[in-house]
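Reader: Hi, I'm new to this one and would like a close look at a single part. Could you pick one residue, start there and then walk me out through its surroundings?

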Amino acid sequence: MHNATYGGSLQLQGRNGNWVFGGGATHLGYADYRVPTDTVYVYNYAVRLKDRQVRNTAGQETSFQLRGGYISDRFSSIFYLSNYHTKIGFFANAHGLEPRGVDTALYDRSDRDILYPSQHVNHFKLISRNYIAQDAHKIWVDLGYQRNYRQEFNNYTAHGYMPPVYPQDMTIPMNLERLYDKEIYHMTVKDEFIMAAHRLTIGGNAEYQLNNIDGWSFLIPAYRQKALGLFIHDQYPINEQTILYGALRYDYSNIHSSPYQDWFASKLENNQSANIVRADELRRSFNSLVWSVGATRQMGLWEAKLNVGKSFRVPIAQELAANGVNYHYFSYEKGMRLFLPSNPTKWTYL
């Protein structure tokens, strides 16, 4: 599989005493992906491919990075700034619920044009990494901000009970199928020091996410999420060949998702119509205490490791509140929820 990629990159870096700086820019462009077959099947429907290329999968990527700061043995502070933008087409025959209604002559006119459906993604990241050595302590403080802004565009296509013609009074642009706007604020602090024969690291991290949505199609609701973690890690050398280690971590997370209701009415089993609630308001909290103990032993050229522990992962928003078609994975996703037969337009979360 290949896509005839072309591109270029320019990188610069330098140093003046304790001050360092650098940066660069990159641009890539690629054509429709080529596969070793002239036919693929979507919903058991045979889709013919011109020149064995998956139509409308071309893309462009542009990014730039800046970094700089101050470095010394006892103190350093470096910032990293990057911005990444990509424009990618979706395989036209596999986007939506009808693979046959595609103007193949239009899509096959060029293998580098990007038509609907497509997505535009812009990811901005700013990180500040700081280090301080004070007596026996080595302290790290990392601060970060990220914003991922993704728009999915498509010609309006009515599915289910959606109106056949896009309403003129809609405030959502007619070609904006989905929009996801995620902001993340992150902080990590840790201190490494030696106490007797123990090499200890203690610290914590905090994160806040703000996620907004838009568009005439739905997959996951808007939500806010807070997370806090505390940890301690210990290394204890028995001798030059054997080291024991252990770790303990506590995490707390809270997620609050907003309710979402279809903007169009659907017919129910009782011949009534209603705007179906795809996601109720959700407030969930999770906490966990995880641990790990182990040992490493060096035996000549060989190293043996033994580790026992417990782990936990906080559920993500898609696992809790999704209710729609995910075109990236060509699947329908539904979060953990309990259906209430007494009210077919309501869902409640487990």
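Author: Keep in mind as we go that the model is predicted. Asn205 has a relative accessible area of 16%, and anything under 20% counts as buried, so Asn205 is buried. Its side chain has a polar partner, too: the side chain of Asn205 makes a polar contact with the side chain of Arg249, at 2.6 Å.

Now step back to the sheet. β10 belongs to an open sheet of 12 strands with antiparallel pairing, and the order is β1-β2-β5-β6-β7-β8-β9-β10-β11-β12-β17-β18. Read along that order and you'll find β10 sitting between β9 and β11. The edges are β1 (6-16) and β18 (302-310), each of which pairs on one side only. On average, and ignoring direction, neighbouring strands in this sheet are turned by 10 degrees against each other. As for what holds such an arrangement together, strands of a sheet pair through backbone hydrogen bonds, either parallel or antiparallel.

β10 also takes us to a pocket. The largest pocket holds about 680 Å³ of space. It is lined by 34 residues, and the closest to its centre are Lys182, Gln209, Tyr223, Ile316 and Gln318. Strand β10 (198-214) is one of the elements that give two or more residues to this lining, along with β8 (137-153), β9 (176-195), β11 (223-237), β12 (242-257) and α2 (317-321). Sorted by class, the lining of the largest pocket comes to 15 nonpolar, 12 polar and seven charged residues.

Follow β9 and you reach another pocket. The second largest pocket has a volume of about 420 Å³. Of the 23 residues that line the second largest pocket, His159, Met162, Phe264, Arg278 and Tyr332 lie nearest its centre. Here β9 supplies at least two residues of the lining, and so do β14 (266-267) and β19 (323-326). The largest share is from β19, with three residues. By class, this second lining divides into 12 nonpolar, six polar and five charged residues.

β7 (residues 118-134) runs antiparallel to β6 (residues 75-89), and 15 bridges join the two. One of the pairings to look for is Phe75 with its bridge partner in β7, Ile132. For a sense of scale, take Asn130 and Lys50: they are 80 residues apart in sequence, while their C-alpha atoms are 54 Å apart in space.

Strand β3 (residues 39-42) is joined to β4 by four bridges, and the two run antiparallel. Val42 has Tyr45 as its bridge partner in β4. There are two residues between the strands of this hairpin, and Tyr43 takes a positive phi near 50 degrees. The side chain of Gln53 reaches the backbone oxygen of Asp32 at 3.4 Å.

Notes
Residues numbered from 1 in each chain as written. Predicted model: local features only at pLDDT ≥ 70, side-chain atom pairs only at ≥ 80, totals over all residues. Heavy atoms only, no water. 1 Å grid on protein atoms, 1.4 Å probe; cavity = no way out; pocket = protein on both sides within 12 Å on 5 of 7 lines; lining within 4 Å. Points joined across faces, edges and corners; volume = space filled by probe spheres on them. Nonpolar A, V, L, I, M, F, W, Y, C, P; charged D, E, K, R; others polar. Pairing = 2+ DSSP bridges. Axes fitted to C-alpha atoms, helices over the stretch in contact; angles between N-to-C directions. Polar contact = N/O pair within 3.5 Å; in protein donor to acceptor, adjacent residues only side chain to side chain. Buried < 20%, exposed > 50% of the residue type's maximum accessible area, 1.4 Å probe, protein only.
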